Amino acid sequence: MNELLPPGGWIGRPLPRAATRRLVEGRGRYLDDHAAKGELHAAFLRSPFPHAAFRITDREAARALPGVRAVLIAEDLAPACRSWRTQSLAFPGLVSPEQGPLAREHTVYQGEPVALVLAASRAIAEDALELVGTDWDELPAATDPVAALKPDAPAVHQGLPSNLAWRTEFGDGDVEAAFARAALVVEDRLVFTRHTGVPLESRGVLANYDPAAEALEVRLSHQIPHQMQVHLAELLDLPMGRVRVIAGDIGGGFGIKMHVYPDEVAICAASRLLRRPVRWVSDRIEALMADIHAREHVMRARMAVDAEGRILAFDVDDIQGLGAYSIYPRSSTVEAISALRTVGAPYRFEAYRARLRSVLQNKVPTGQYRSVGHPIGCATTERLVDLAAAARREDPLEFRRRNLLREAELPWTNPAGGRMAELSHTATLAEFERLLDLPSLRAEIAAMRGEGRLVGLGFAAVVEYTASGPGAYGPAGIPVSAVDTVVVQLEPGGDVIARASVAEIGQGIQQGIVQVVADAVGVSPSRVTLHTGDTGNAPHGGGAWASRGAGIGGEAAWGAGRKLRAEILGAAASLLQTTPEALDLRDGQVVDKTGATRMTLSDLAATVFFRGHELPGGLQPQFTATHQFRREEDVFLTTNGLQASLVEVDPDTGLVTPLRHWVVGDCGRRLNPLLVDEQVRGGVVQGIGEALLEACRYDPENGQLLTGTLADYLLPMADNAPDITVGHVETPYSGSALGAKGAGEAGTCGAPAAVLCAVNDALAARGAAVTEMPITPAVILRALGTLP
């Protein structure tokens, strides 16, 4: 265990983000706010078909258009860029064909890039696309994941024996025996429609290759700049030290900006080939068509319960729609494994079996998206729990109370392979009931139902695996950093400059790290400046994924700050002719044990930097400190919580209106409670969108994307966002100084399940139920028998 966090200080204070004023005043500097001298603008010719053979027949007409600099195809980029294939030792036998920055001869999903035009403006480049001659031979497409497994299904990729990308089975305990002795077995089939992230800032890249230095500088709207530095160096055959990736202000990520995309690699390769800066920013149509999708699953699940109402076992079968490729480098299959390991996670049970088939399709690849897989596993579990409670004619919250893991039973590795440790289900449930005031709430619901309104209350118990450690990707042979590094240095004026490998993508982690550094050193946050997002001056580390900022980046910041503090006190003690133990550093003042100021930090810094002749002989203060944090235990940090949703269903229109939502979570110590609440509320709204609105839909006959604009792809807005009440329990992680765990994805994890259970609670009065997300008006009306 590291040095324990002292009480008080800046950690735990609900401070607003220092960057808020700058951003709301429109002073943010996003990718498209930067320019490079002599830059070219890019536009991609993308496949209009989900599956086709093609041939570029004419590029001359496009090249002849005034302002066009180049029209590139796969063969042109080959000398500047390698192809890649997704492989993982965690998924032996995974089938994912080779992929390049532009398609050759065949396209396997609608939106796959096949040619690239570079011109003086984006408008000219787009006009030139229409002049590129292309012969298309449309081929049969496999889009439905279940149908794609059939022997007569069209082949997604030519030459593969089937569309099965990977299959596995795992679990522990005697599942058959548990079901044989069960007093009750409940089962259901749930369908989850794929959706995508829609950040305020779309993906974009500005690549600038310097032929004199043989170096590449890339401005990128990305969550993990150091990861992209690794892969761009590899794919473009450049030394890592000559690849600089800069991710400045990022307008949201949600996981879709943590992957390697063909179009972004193509821009970098084009810059190297033409020796000119090249810019490309995705528009919304491109984004909905080509950004990764997520969460296309067909889950069949059953649960065994004994006569006392205790869960015995789960048996789950998952068919995952993977897309045309397993996304590089982490693979698409991670989502399905995460979903299956989340099934049953909050509860005690003795046996578990999961079967997975990941299926190739002529669709956009799927990948990691906020709260990876957890909403699938949570919704599946909570649906079965509600079915069991209803069959027993029992209050659904009481059924959950009986089966929740108790603190005395921890740590425990469940039969699904999930290690549960330092959870607080008992305390969380008590706070949850206090927050909801259930007797009053249920009286209110009864009154509304007495008026003939279809209202429902749904619950969801949540366990989430956060802050992934080295064991997540290291054994798989995938170069994904699970460490974070922070460098802090004292400036001559007494300010502290910090450089961190964590990435700020709008979640506010910069503010949290600043508060940690301030406490660790002993200064005010206003005297700390933090730089992130630039591989040219930030140390290597993980970036932003898996809610790692506080649990890993915060620990690195604490370690670096304490090292710098020790250096400061050592230098001050030498000057003051005392010992470091007799001094302290508080709010930028070196004080003695009585609290009396002996020296200001700015005076000390000025002496060291400008009047070194006054220092005692042999004193060489090192006012720069580095700390890299790598968690040696616990592959993941488990967090827990409970959510409730109150909804109303209109039986005439099928519309579902969220009325209120409640969340109680335990994410360990909160570095900044205000930021945590912001993340929880934002995650809940995103989860409501998943439950009721968002869907990437394709025509079942020809595989054409039907939701290619924001008029068709529906997002949650103010009228979909109910009042969200948030409460907390804090169980600090004992394996670190700060005790922080992950917080940024918990709202998304449980909200879809709570809404699903609430809708079914409302529909129970009509003898109906839904098992499909999103729960659109059509889904409701079909359940009620109004639509066929």
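Here is a chat about cavities, cores, domains and backbone details in a predicted model.

Biologist: Hi! What should I keep in mind about the numbering and the model?

Modeller: Residues are numbered from 1 along each chain as its sequence is written, and side-chain values use heavy atoms, with hydrogens and water left out. This is a predicted model, where local features need pLDDT of at least 70 and side-chain atom pairs count only at pLDDT 80 or more, while totals for chains, interfaces and linings use all residues.

Biologist: Great. Which domains does the chain have?

Modeller: The domain assignment gives domain 1 (20–28 + 483–629), domain 2 (34–139 + 199–253 + 257–290) and domain 3 (297–470 + 633–783). Domain bounds come from an automatic or database domain assignment.

Biologist: How far apart are the C-alpha centres of domain 1 and domain 2?

Modeller: Those centres lie 39 Å apart. The contact (heavy atoms within 4.5 Å) takes 21 residues from domain 1 and 19 residues from domain 2.

Biologist: Changing topic, how many cavities of 30 Å³ or more are there?

Modeller: The structure holds six of them. On a 1 Å grid over the protein atoms alone, a cavity is a set of points where a 1.4 Å probe fits but cannot get out, and lining residues have an atom within 4 Å of a point. Grid points are joined across faces, edges and corners, and a volume is the space filled by probe spheres set on the points.

Biologist: What volume does the largest cavity have, and what lines it?

Modeller: Its volume is about 150 Å³. The lining has 19 residues, with Asn640, Gly665, Asp666, Val680 and Ala746 nearest the centre of the cavity. Strand S28 (637–649), strand S29 (656–666), helix H17 (673–692) and strand S30 (723–728) each give two or more residues to that lining. S28 gives the most, with five residues. Helices (H or I, at least four residues) and strands (E, at least two) are DSSP runs, numbered from the N terminus.

Biologist: And by class, what is in that lining of the largest cavity?

Modeller: There are 10 nonpolar, eight polar and one charged residues. Here Ala, Val, Leu, Ile, Met, Phe, Trp, Tyr, Cys and Pro count as nonpolar, Asp, Glu, Lys and Arg as charged, and the others, Gly among them, as polar.

Biologist: What about the second largest cavity?

Modeller: The second largest cavity has a volume of about 80 Å³. Its lining has eight nonpolar, one polar and three charged residues, and among the lining residues are Arg46, Arg203 and Asp263.

Biologist: Now the packing. How many residues are in the largest nonpolar core?

Modeller: That core has 107 residues, and those with the most contacts inside it are Met303, Tyr352, Val759 and Ile775. A nonpolar core is a set of buried Ala, Val, Leu, Ile, Met, Phe, Trp, Tyr and Cys residues joined through side-chain atoms within 4.5 Å. Buried means under 20% relative accessible area, exposed over 50%, and partly exposed in between (1.4 Å probe, protein chains only).

Biologist: Which helix gives the largest share of this core?

Modeller: Helix H18 (residues 746–763) does, with 10 residues. This core draws at least three residues from each of domain 2 and domain 3.

Biologist: I noticed helix H6. Why is it largely enclosed?

Modeller: Helix H6 (residues 225–235) is largely enclosed by the rest of the structure because 10 of its 11 residues are buried. The cover over those buried residues includes strand S11 (215–220), strand S12 (243–246) and helix H7 (262–274).

Biologist: Where is His231, and what does His231 contact?

Modeller: His231 is found in helix H6 and is buried, with a relative accessible area of 1%. Leaving aside neighbours within four places in sequence, His231 is in contact with Val260, Tyr328, Pro329 and Pro479.

Biologist: Last topic, the backbone. Which peptide bonds are cis?

Modeller: Leu410 to Pro411 is cis, with omega near 0°, and a cis bond also joins Met773 and Pro774, with omega about 0°. Most peptide bonds are trans, and most residues other than glycine have a negative phi.

Biologist: What about phi at Ser331 and Gln577?

Modeller: Ser331 has a positive phi near 85°, and Gln577 has a positive phi of about 55°.

Biologist: Are those two buried or exposed?

Modeller: Ser331 counts as buried, at 0% relative accessibility, whereas Gln577 counts as exposed, at 76%.

Notes. On a 1 Å grid over the protein atoms alone, a cavity is a set of points where a 1.4 Å probe fits but cannot get out, and a pocket is an open set with protein on both sides within 12 Å along at least five of seven lines; lining residues have an atom within 4 Å of a point.
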